[in-house]
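Okay, thanks everyone, let me get the structure up on the screen. I'll walk through a couple of residues and then the packing around them.

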Amino acid sequence: MDKRHFAIIVAGGVGTRMGTDIPKQFINLGGKPLLLRTLEVFLNLAFPVEIIIALPVAYMDRWKETCAAAGLDGTHKIVAGGITRFHSVKNALSIIPKGVLVAVHDGVRPFVHSEFIESLYAKASECGSAIPVVKPADSMRVLMSDGKSKPVNREEFVFVQTPQVFDSEILLNAYEQPYSQSFTDDASVVESAGCQISLVEGDPINIKITQQEDLLIAKAILSVF
């Protein structure tokens with residue numbers, strides 16, 4: 001792969017679902033903030049990656065202090081997070097050129113493996129995109145407008161993960177669209193722009209930590225990660 005590699009780590013939110021007094025990306029897990037663990041994975045890939053982190057403006061100084069204490073200042077660029085995930089990614093894309101590969105990853109997915117990320121870059125280099133997905137293990141039902149529900153075939157559904165990797169020209173063009181509430185991730189933005197996406201098998205360990213229950217799972221994973 002001869003293209004430059006970029007990564008956008010999205011950590012611009014100040015979500016309340018975790019029920020803590022700080023954004024979840026700064027929650028300590030095993031002695032390190034979640035976001036720091038995520039950053040370290042991208043810094044340890046087999047090839048250099050130019051990293052951009054989207055952060056809440058109010059927490060930028062705190063993050064810089066954290067990185068300085070860990071000896072990681074100067075390893076990445078910082079941009080302001082937006083009012084939605086879409087706007088955070090768009091802010092980061094403003095400093096990414098065309099003709100490169102760019103991964104977009106949730107800052108609170110710290111258990112992604114380096115080899116897995118590298119494989120996604122390789123797939124995107126071939127196909128223009130690489131979107132990791134995992135199949136649901138539980139039975140599923142769809143909620144109806146009348147308050148009832150009915151079962152659905154879980155084989156027809158997948159859960160979507162990050163990092164999602166794209167040729168930057170595809171992603172830059174897609175993010176020229178106006179924001180829509182239907183944009184739940186980068187794949188949905190790209191598809192809305194008329195581009196096809198390539199799905200690849202995800203990793204069940206690559207969980208997103210958004211609630212207190214997820215922290216319990218994360219601590220268990222950390223013990224063997």
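So, Pro-110: setting aside anything within four places in sequence, Pro-110 is in contact with Leu-34, Arg-37, Thr-38, Val-41, Ile-207, Ile-209 and Phe-225, where contact means heavy atoms within 4.5 Å. Before I go on, this is a predicted model, with local features needing pLDDT of at least 70, side-chain atom pairs counting only at pLDDT 80 or more, and totals for chains, interfaces and linings using all residues. Residues are numbered from 1 along each chain as its sequence is written, and side-chain values use heavy atoms, with hydrogens and water left out.

Where does Pro-110 lie? In the loop between strand 6 (101-106) and helix 4 (114-127). Helices here are DSSP runs of H or I with at least four residues, strands are runs of E with at least two, and both are numbered from the N terminus. Pro-110 is buried, at a relative accessible area of 2%; buried is under 20%, exposed is over 50%, and partly exposed is in between, with a 1.4 Å probe and protein chains only.

Now over to His-105, which sits in strand 6. His-105 is buried too, with a relative accessible area of 0%. Its side chain makes a polar contact of 2.9 Å with the side chain of Thr-162. By polar contact I mean a pair of N or O atoms within 3.5 Å; within protein, one must be able to donate a hydrogen and the other to accept it, and residues adjacent in sequence count only if both atoms are side-chain atoms. Beyond four places in sequence, the residues His-105 touches include Ile-8, Val-10, Thr-38, Phe-42 and Pro-163.

On to helix packing. Helix 1 and helix 2 pack at an angle of about 55°, with axes 11 Å apart. Axes are lines fitted to C-alpha atoms, for helices over the stretch in contact, and angles run from 0 to 180 degrees between N-to-C directions. The two helices, helix 1 and helix 2, are therefore oblique to each other, because angles under 35 degrees count as roughly parallel, over 145 as roughly antiparallel, 65 to 115 as roughly perpendicular and the rest as oblique.

And which residues make that contact? Leu-35, Leu-36 and Leu-39 from helix 1, and Trp-63, Thr-66, Cys-67 and Ala-70 from helix 2.
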